[in-house]
Amino acid sequence: MNADRPPRTGSAAGSAAGSARSAAEDLLASAEWDLPPSRHLRHKEVLMQQIDRTPASPAPAPSPRTSPAPHRRRLPRPALAVPAVSMALAGALFLTFSGDGHGSAPAVGAGSAPAEVNSASVTLDRIAAAAMKTDATPVKDGQFVYIERLTRGNTGSFNGPVRLGALHRQEVWTAQDPGPVTRTGWMRETGEDAVMPGQMVPVESAEPVRAGIDHPTYEWLASLPTDPDALLELLHSRTGAEGGDSKDQAVFGRIGDLLSSTIMPPATASGLYKAVERIPGVTQVPDAVDAAGRHGIGITREDAGSATRDVWIFDKDTLAYLGSRSYITGDEARGITTDTLYGIDAVMARAVVDRHGEEPAGTGN
């Protein structure tokens, strides 16, 4: 999201921001979430940080919690995050949500920097071959794809220091109805720093949508071309770049969304991994760690336009998708000069269930 705002100063600004945040949290309790499942888990920081930037009357002394607002590009898209609020809530806050977002915190340990090697294509070939050997049970129209994640996102202020929040559980039930539908799924978060903890939240689209790039059902995924060149061309034609992203980065991010939030036909998954080989700038990280502490091989791409970098993490033995890490690579206004982790997740379970709210055996531990 690009925005330039004058700095807020004084205790009145802090008070007004707090009032706006409180009012927004009240609205959140009754609002329906807006965006389809493949993109709805991206917007908690955008919402809460924009609330922090609500204009207020100037006051004589600067607040220690505020700082001048930088020119802001769209924050990137990790596989973790929270849906954008409904248009009604967006209107009430006089905000426009145009991108995906999380905050950032200093990157430490494995996976904190990309390894500029030439083996990404070899690794993606191996991952594609492994994907072809997996079993996938087709998901029927009346069923739901269940995804359980562990997630951490930024809880810091928009302009101030960034801070990763507590690790918490997130569950998403994605409807398989081909549409047109407005309710495309449900979400529930539990634990510290969860949004609306324990509540079952509907995922709503502002307009009716059919199965497609914004409502990726199993049947739609199975209909995609498996030739990587044809698949990449299709994704380029249906994916818009936002907030400074290049088109290549937008497609890379879209593929990451699909890999993290769906159950995919093996041939489609294999084709997607081979398509990623054809995106310029994709490299390998020898060791990356997901939110559950599992080490794996990373596939990454840095985007100069948005100054961001996403890492997909795969098990070193099975080559199964584990989770993701996302970084801001530079933001001078916030003092970010090196890779700074702003979001991390781990996919703990994928399953097919018959009802939203149903959990497969063995989850929730």
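## The loop between strand 6 and strand 7

Asp-193 is placed in the loop between strand 6 and strand 7 (201-209); helices (H or I, at least four residues) and strands (E, at least two) are DSSP runs, numbered from the N terminus. The phi angle of Asp-193 is near 70 degrees, a positive value in a residue other than glycine. With a relative accessible area of 28%, Asp-193 is partly exposed. Here buried means under 20% relative accessible area, exposed over 50%, and partly exposed in between (1.4 Å probe, protein chains only). Met-196 is found in the loop between strand 6 and strand 7 as well, and its phi is near 50 degrees, again a positive value in a residue other than glycine. Met-196 counts as buried, at 13% relative accessibility.

Another backbone feature occurs at Gly-179 and Pro-180, which are joined by a cis peptide bond with omega of about 10 degrees. Pro-180 belongs to the loop between strand 5 and strand 6. As background, most residues other than glycine have a negative phi, and most peptide bonds are trans.

## Basis of the model

The structure is a predicted model, in which local features need pLDDT of at least 70 and side-chain atom pairs count only at pLDDT 80 or more, while totals for chains, interfaces and linings use all residues. Residues are numbered from 1 along each chain as its sequence is written, and side-chain values use heavy atoms, with hydrogens and water left out.

## The chain as a whole

The chain contains eight helices and 12 strands. Of its 365 residues, 57% count as buried. Its accessible surface comes to about 14400 Å², and 53% of this belongs to carbon and sulfur atoms; the areas come from the Shrake-Rupley method with a 1.4 Å probe, and for residues only the protein chains shown count as cover.

Contact means heavy atoms within 4.5 Å. Among the contacts in the chain with a separation of 6 or more, 72% are between residues 24 or more positions apart.

## Strand 4 and its partners

Strand 4 (residues 144-153) has 10 residues, eight of which are buried, so this strand is largely enclosed by the rest of the structure. Two strands pair if DSSP finds at least two bridges between them. Strand 4 pairs with strand 5 (residues 168-175) in the antiparallel sense over eight bridges, and Glu-148 has Glu-171 of strand 5 as its bridge partner.

Strand 4 is also joined to strand 12 (residues 340-353) by 10 bridges, and these two strands run antiparallel. In strand 12, Val-353 is the bridge partner of Phe-144. In general, the side chains of a regular strand alternate between the two faces of the sheet.

Helix 4 (residues 120-132) has 13 residues and reaches 18 Å from its first C-alpha to its last, close to the 18 Å expected at 1.5 Å a residue. The expected span is 1.5 Å times one less than the number of residues.

Which residues of helix 4 are buried? They are Ala-120, Thr-123, Leu-124, Ile-127, Ala-128 and Ala-131. Seen down the axis of helix 4, these buried residues fall within an arc of 140 degrees, so they line one face of the helix; the arc is that of the directions from the helix axis to the C-beta atoms. Their cover includes helix 8 (266-277), strand 8 (282-289), strand 9 (295-303) and strand 10 (308-315).

## Salt bridges

Side chains of opposite charge can pair when their charged atoms come close. A salt bridge is a side-chain nitrogen of Lys or Arg within 4 Å of a carboxyl oxygen of Asp or Glu, and a search of the whole structure finds 14 of them. One joins Glu-359 and Arg-188, whose closest N and O atoms are 2.7 Å apart. Glu-359 lies in the segment after strand 12 and Arg-188 in strand 6 (residues 181-190), so the pair ties together parts that are 171 residues apart in sequence. Glu-359 counts as partly exposed at 32% relative accessibility, whereas Arg-188 counts as buried at 16%. Both residues belong to a network of salt bridges that links Glu-148, Arg-169, Glu-171, Arg-188 and Glu-359.

Arg-309 and Asp-339 also meet in a salt bridge (2.7 Å, N to O). Arg-309 lies in strand 10 and Asp-339 in the loop between strand 11 (321-328) and strand 12, so this pair ties together parts that are 30 residues apart in sequence. Both Arg-309 and Asp-339 are buried.
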